[in-house]
Amino acid sequence: MKMTFRWYGPSDPVLLDYIRQIPNVTGVVTAVYDVPAGEVWPRESIAKLKTDAAAYGLEFEVVESVPVHEDIKLGRPSRDVLIANYCENIRRLGEAGVRVICYNFMPVFDWTRTTLQHVWPDGSNSLAYYKADLSGLDPLSGELSLPGWDSSYKKDELRELFDAYKSVDGERLFEHLGYFLDRVIPVARESGVFMAIHPDDPPYPIFGLPRIITDERNIERFLKLYDDPHNGLTFCTGSLGCSNKNDIYTMLDRFIAAGRVHFVHARNVKLYTDDSFEETAHFAACGSLDLVKVMKLLKKHDYTGYVRPDHGRMIWDETGKPGYGLYDRALGAMYLGGIWDGISTNN
Ligand code: CS2
Ligand code: MN
């Protein structure tokens with residue numbers, strides 16, 4: 001396995017200079033952030049990410065994310081041009097040495113939480129999601145915004161999007177995903193790139209919008225839509241693990257055995273019976289998920305793909321992008337690396 005770390009580019013307060021000091025981290029996961037969804041990334045911008053990372057001895061082999069334009073998810077006529085642009089991005093990234101592209105197919109919103117600063121007794125804070133609080137949130141109010149979301153939508157545009165999704169249920173969304181994969185995966189294969197869809201976070205419909213990359217059955221269906229290793233998964237333990245219905249260990253075992261996992265996001269959450277959850281430190285004892293078991297499964301299958309610590313808490317008075325501070329993610333990388341070393345020695 002290759003340990004990586006997410007880096008939000010030159011404006012990220014977490015500097016490459018810091019990332020390179022985390023033992024065992026060999027590469028960064030990043031993206032071109034100044035090009036709107038649906039457009040082609042300039043070759044120079046891609047090359048710059050590579051040279052920036054290389055200047056600190058870090059590889060750039062994983063992109064997270066190349067966003068999928070809403071018109072593709074909605075199956076609108078403009079999707080053909082947008083998919084052609086997406087394919088061009090895959091080609092350009094492949095040429096630059098990128099091996100894995102993480103993306104998601106969630107309508108309108110990326111990850112959703114009801115608070116960004118749940119305060120723990122030890123003074124740290126983390127993201128959390130309380131089901132009861134969600135009913136009080138109106139996504140169309142224009143006042144709600146989360147760091148994972150595309151903030152470029154204006155109120156009217158959001159309303160228009162919500163209206164458009166009234167005719168797109170889970171079945172239609174699956175059809176639109178299939179249409180996308182039929183065109184994108186052959187290009188990925190030619191380009192030596194593995195596509196890795198990120199599960200929906202949380203893994204069930206919210207605000208009346210469909211979500212389909214949610215559980216074992218639906219992921220199996222997704223993999224069959226285009227049965228090729230280049231149509232693969234980002235296995236995000238925290239996203240799949242925040243539904244009581246998902247047994248993430250059985251799922252990981254099975255999808256890794258099938259050669260379909262190319263990227264692992266390791267995140268721990270404390271899960272409640274109603275599927276509310278709080279994000280915790282990576283340590284198994286801190287949450288409901290056992291990342292030791294996860295690493296053992298990677299070992300069992302001699303996993304050679306990429307891993308990164310996912311969201312961390314904010315600790316030691318750090319401020320910054322919620323979920324993406326330096327300190328707790330670095331502790332996470334160390335915990336995961338320690339487990340890996342521990343299970344790798346024969347002594
Ligand atoms: C990430 C996702 O921050 C996170 O939770 O795991 O936002 C992820 O980057 C996207 O869903 C991938 O497209
Ligand atoms: Mn994730």
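Start by selecting helix H11 (residues 291–300) and helix H12 (residues 327–344), which pack at an angle of about 50° with their axes 10 Å apart. Helices here are DSSP runs of H or I with at least four residues, strands are runs of E with at least two, and both are numbered from the N terminus. Axes are lines fitted to C-alpha atoms, for helices over the stretch in contact, and angles run from 0 to 180 degrees between N-to-C directions. H11 and H12 are therefore oblique to each other; angles under 35 degrees count as roughly parallel, over 145 as roughly antiparallel, 65 to 115 as roughly perpendicular and the rest as oblique.

Before moving on, a word on the model. It is predicted, so local features need pLDDT of at least 70 and side-chain atom pairs count only at pLDDT 80 or more, while totals for chains, interfaces and linings use all residues. Residues are numbered from 1 along each chain as its sequence is written, and chains are lettered from A and ligands numbered from 1 in the order in which they are written.

Now show the side chains between the two helices. Leu291, Val292, Met295, Lys296 and Lys299 in H11 meet Leu336, Ile339, Trp340, Ile343 and Ser344 in H12, where contact means C-beta atoms, placed from the backbone, within 7 Å. By class, that contact has seven nonpolar, one polar and two charged residues.

Next, select helix H4 (residues 79–95) and helix H7 (residues 170–191). Their axes come within 9 Å and cross at roughly 15°, and H4 and H7 are therefore roughly parallel to each other. From H4, the contact uses Ile83, Tyr86, Cys87, Ile90, Arg91 and Gly94; from H7, it uses Phe180, Arg183, Val184, Val187, Ala188 and Ser191.

Turn to the sheet. Four strands form an open sheet in the order E5-E6-E11-E10, with antiparallel pairing; two strands pair if DSSP finds at least two bridges between them. At the edges, each pairing on one side only, are strand E5 (115–119) and strand E10 (268–271). The twist averages 40° from one strand to the next.

Zoom in on strand E11 (residues 277–280), which pairs with E10 over four bridges. On its other partner, strand E6 (residues 125–129), E11 has two bridges. A residue is buried if 20 or more other C-beta atoms lie within 10 Å of its own, exposed if 12 or fewer, and partly exposed in between, with C-beta atoms placed from the backbone. Follow the hairpin of E10 and E11 through its five residues between the strands to find Asp275, which takes a positive phi near 75°.

For the last stop, pick Ala196 in strand E7 (residues 194–197). Ala196 is buried, with 28 other C-beta atoms within 10 Å. Leaving aside residues up to four places away in sequence, Ala196 touches Val100, Ile101, Cys102, Gly232, Leu233, Thr234, His262 and Phe263. To get your bearings against Ser126, draw a C-alpha to C-alpha distance from Ala196: 26 Å in space, and 70 residues in sequence.

Methods:
Nonpolar A, V, L, I, M, F, W, Y, C, P; charged D, E, K, R; others polar.
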